[in-house]
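Here is a short briefing to read with the model open beside you. Take a look at the structure, and then we can walk through a few of its parts.

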Amino acid sequence: VFIGVHCTRLVAPAWRDAQVARFGEHGWKGLYSVASLVGFVLIVWGYGVARRTPTVLWVPPVGARHLTALLVAIAFVLIVAAYIPGNRIKRAIRHPMLAGVAVWSLGHLLANGTLNAVVLFGAFLAWGAVGAIVWRRRDQLAGVQYPVGTLSGDMRVVIVGLIAWALFAFLLHRWLIGVSPLG
């Protein structure tokens, strides 16, 4: 549900535009938000249920969690780049949110060898990677140009991204997910 809602603009832009015209911008965003929230709750609930009786496909190699930590730190920086204006990262990547989700997912796939992890993180990896590629191509075809950023904009993105990553990795992940990623 969550990924499906987030794919509407990617796979059915005309249908999405018709819904925006039908419900209005605020109405569409309200429906989109409710569906996204329901999808997110279902992901959290379903993943929690699946973790109770995991099907192990592989045992992650030694050091996988450290590589995952590095990839997730990069993902946080990419995701922040989507929201802080005036950075060169967004101009270079074009869709850093989608790229960040793909990198986050890849890292989690490396550190989690269960079937439920493959389904969850594999779905997000596919969505993020395909979305980034498709939107990058659409931008090229439409001649979309992203603003030129600055070094100070890049530094803001990196600092905010790494602070957010550290808070999540060292404090929030254990509290919200029940696993301390760095031991």
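Let's start with Ile177, which counts as partly exposed because its relative accessibility is 37% (buried means under 20% relative accessible area, exposed over 50%, and partly exposed in between, with a 1.4 Å probe and protein chains only). This is a predicted model, where local features need pLDDT of at least 70, side-chain atom pairs count only at pLDDT 80 or more, and totals for chains, interfaces and linings use all residues. Residues are numbered from 1 along each chain as its sequence is written, and side-chain values use heavy atoms, leaving out hydrogens and water.

**Around Ile177**
- Ile177 is found in helix H8 (helices are DSSP runs of H or I, at least four residues, numbered from the N terminus).
- A nonpolar surface patch includes Ile177, along with residues such as Leu151, Phe170 and Trp175.

**Val77**
- Val77 has its place in helix H4 and is buried, at a relative accessible area of 13%.
- Beyond neighbours within four places in sequence, Val77 is in contact with Ile89, Val157, Val158, Gly161 and Leu162 (contact means heavy atoms within 4.5 Å).
- Val77 and Arg156 are 79 residues apart along the chain, and their C-alpha atoms are separated by 9.7 Å.

**Helix H6**
- Buried residues of H6 include Pro96, Leu98, Val101 and Leu109.
- The partners that the buried residues of H6 pack against are helix H4 (64–81), helix H5 (88–93), helix H7 (115–142) and helix H8 (151–177).

Note on methods
Helix = DSSP H or I, 4+ residues; strand = E, 2+ residues; numbered from the N terminus. Patch = residues over 30% accessible without salt bridge, like charges linked within 9 Å, V, L, I, M, F, W, Y side chains within 5 Å. Areas by Shrake-Rupley, 256 points an atom, 1.4 Å probe, with all protein chains shown as cover. Salt bridge = Lys/Arg side-chain N within 4 Å of Asp/Glu carboxyl O.
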